[in-house]
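Hi everyone, and thanks for making time today.

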Amino acid sequence: MNMALPFQCLKAYRRSVKGKEETLLIGASGSRLVVVESSSGQGSTWPAEEEASKETEAPAEDEERPGKRIKLTPTNTNDSNSNKSNFSCLALSNDQQYIVAITGEDKCVRVFHIDSDYRIHQLSQRPMARRPCAITLTSDDSTILCADKFGDVYALPLLMSPDDGVQDQEVPPTTSTAEQPETPVEFKPSASVLTVHSGRNRKVLEEQIRQASLGQRKSKEPLKFKHELLLGHVSMLTDIVYANVNGRGYIVTSDRDEHVRVSRAPPQAHIIEGFCHGHEEFVNRLCLVSSGRLVSGGGDAQLFVWDWLNYRLLTTIDVRDAVLRFLKSQAELSSIVPANEEGFKVAVTGIWNVPRSDAQRDEILVTCEGVPAIFHFGFDEAGKKHEQAIPLNGNAIDVTVIQQSPDSCVAVASVDYVHKPGSLKDPREQKQDDQAIPTFTSGPDGQWQADSTLDTAAGFLTKQLSTAVGAAGLAGEVDLKAIQGLLYGTANLRKQPGTDPDQVA
Amino acid sequence: MAGEPAKRQKREEYKKSLNADESNAALPKKKFYRQRAHANPFSDHSLAYPKSPSDMDWASHYPAYAVKQPQEKDEAESHDSEKAIAITQPVEIADIGCGFGGLLFALAPRFPTSLILGMEIRTSVTEYVQEKVRALRAQNSATSGFQNAACIRANTMKFLPNFFAKGQLAKIFLCFPDPHFKQRKHKARIVSYTLNSEYAYVLKPGGIVYTITDVEDLHKWMVEHLEKHPSFERVREEEQEKDECVEIMRTETEEGKKVERNKGMKYVALFRRLEDPAWP
Ligand SMILES: C[S@@+](CC[C@H](N)C(=O)[O-])C[C@H]1O[C@@H](n2cnc3c(N)ncnc32)[C@H](O)[C@@H]1O
């Protein structure tokens, strides 16, 4: 098998450079970023290729005790950084000048800029104490809000000031005595689990990573860049949204324990305004839609539509039923549907707003884990008005939506062409990466159909997949388990009955 | 609340046996309810908790305050029956991590017009307190004593806002919390900067958080994290010592008694919930 990683994150946006409007498409595949301009097909990858191959050739001679300091203080002009950690999240600044990304294994928040020649520059790389799960920016783009697995939300300045990142940076009072953050900056595994394939090396790497985490845990060094603890849940955070309503800033956070929490924005982020109560399973995604309503979804059969400023549930959307209808309508997928349909569960992995001029009617696109389709729902306060399942050639991984004109939108999807449609673990017989990035468009009638306007860009991205990955030495047998781990895992957020240690007699 | 069948059955039998020998007012024996000391506040206990405060079946815990006296059918779990779950006044005092309930039972007669709730994560410790509530209510049926006290099993670090609405509580007690000495476990502490926001959320302005511990480091930790939180200010010592709850907390908690026997120190600190400032 010669398979590259599908894009686990995708972002399309329009920007204007020197008076020229253009559409950029950015994809993250494993530890790489790829950008392309849609009309010219010009683009680049990050990290730059020569650098990447140099890195992999270097022997893994990192025998230092992980606890020991390796000089690697993050700076704000570090353009030639290599990267072995996989991207898990991309966010775009409101002014479209910056891409903020999370890489998982090294727990880093990274800020990128794409110049007018479509080169990707990394401006900063900040390793957090805990693995970030979701990021967003305040509406003025001054601050990154970073939500982590441990339940905390930190504020980081988008751009680091020159004196930030120096050794003796004073840590704000809210973090100095709170749980002392680890310093993952000290340690970088010599490879990632995606680049090591022999069983023995894999073990060595795992041990190295384990040792490092032990070493880090003992370390009491605070993070060396400006960061402020804003709020926290005693639960794993899954998503974060910043909203500005009538001049008031809000942070909405969701967690694995069914909560949707509304807090004030900094400098009053310690004030909880309220909760949108109603979910009975984990919440995984939040989405502010055009009307200002909030849509939340995760392990429940329904999406919830909120008048979130009043903590009032307006309506629900039966996403599970939509998925069931779709699967049953497809001959080759109907076998996935269990005999007992009641037991069928979905895990919502994405909700995207479809921008429209009509503010009363909202439209969203929704994906669920392991389901080869995008679901479109149009609704208003009273409930669902429109539903369409857009079939894909593989499981939906990520989607990005851009508004082409007041009445037409384009959606670009990233598709899992490694696994069989509908499966999270069975590989396909042969690769089909020509279908990695399908594009759809929707006109004023709200119907979505396949579209070719971004084919050049999609083609470029797809090609980069194989070349970039080849350069990084990943062209051989790819560890399916690692890919699975990278692309999936949402359903694991569901609580399993009978896991109460307290109940064991 | 759904519980493990065997345990529930045991409990039912225990109840029956108490009823059978006409001594239904007998206090439960602690030794039947002992449990290992620590429960992990992060793990997925199969806890029962309401989706929201208004979904909580308060009437079953404070039957004397039920909005409509419901004709209790014993299988309380029957789905969505027209069972009244609301009570005539909200719970106002919460004893978080109440243990065997010493404070709860001392507060109940001192605040006869307030509803007081003990919250405890350990199953059988909770059951003990619930049995004791039942027994004390039976013993005091003539005066309706202890109708204002109840106990539920809950992980308060995760689900406090599922039980209480914004600004509902007047007092929160955090008595002798588990210290969680290890650095790594500090987020497991019942007081932290971020968790204090939830205490502030359920407390009304002017409401008080009461803390007491015999561990000096934990005392310092709680003081530091509550003082640093903009929603709280420390209550001055003079005022603190005038608060009748402080003496109760020192002498009536199980832990307080233990510390007394060992002639240990007890560190007390009270914090007042401030009004939220105007939006910036
Ligand atoms: C040392 S005992 C103190 C008991 C009582 N307050 C006293 O002063 O005697 C601490 C109690 O807090 C409970 N606890 C710990 N974490 C909790 C949580 N997250 N939610 C509810 N109770 C908790 C423990 O089970 C334990 O019973």
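I'll go through some residues in chain A and chain B, one after another. Keep in mind that what you're looking at is a predicted model.

Let's begin in chain A, with A:D257. You'll find A:D257 in the loop that runs between strand 14 (248-255) and strand 15 (260-264). Is this aspartate buried or exposed? With a relative accessibility of 2%, A:D257 counts as buried, because the cut-off for buried is under 20%.

Now, which side chains make polar contacts with the side chain of A:D257? One is that of A:K495, at 2.6 Å. Another is across in chain B: the side chain of B:K158, also with a polar contact of 2.6 Å. If we set aside residues up to four places away in sequence, A:D257 touches A:V234, A:S235 and A:K495 in chain A, plus B:K158 and B:F159 in chain B.

Let's move over to chain B and look at B:L174. This leucine is part of strand 4, which covers residues 169-175. B:L174 has a relative accessible area of 1%, so it is buried. What does B:L174 contact, leaving aside neighbours within four places in sequence? The list is B:I96, B:I190, B:V191, B:Y199, B:V209, B:Y210, B:T211 and B:I212.

Next, a word on annotation. An unreviewed UniProt entry lists several chain B residues under "binding site", among them B:C175, B:T253 and B:E255. Let's take two of these in turn.

B:T253 sits in the loop between helix 8 (244-252) and helix 9 (254-261). Its relative accessible area is 6%, so B:T253 is buried. A polar atom of the B:T253 side chain lies 3.0 Å from the backbone oxygen of B:M249. Beyond four places in sequence, B:T253 is in contact with B:L103, B:C175, B:F176 and B:I248.

B:E255 counts as partly exposed, because its relative accessibility is 33%.

To recap two of the stops: A:D257 has polar contacts with A:K495 and with B:K158, while B:L174 is buried in chain B.

Methods. Residues numbered from 1 in each chain as written. Chains lettered and ligands numbered in written order. Predicted model: local features only at pLDDT ≥ 70, side-chain atom pairs only at ≥ 80, totals over all residues. Heavy atoms only, no water. Helix = DSSP H or I, 4+ residues; strand = E, 2+ residues; numbered from the N terminus. Buried < 20%, exposed > 50% of the residue type's maximum accessible area, 1.4 Å probe, protein only. Contact = heavy atoms within 4.5 Å. Polar contact = N/O pair within 3.5 Å; in protein donor to acceptor, adjacent residues only side chain to side chain. UniProt positions renumbered as here; feature names shortened; annotations may be inferred.
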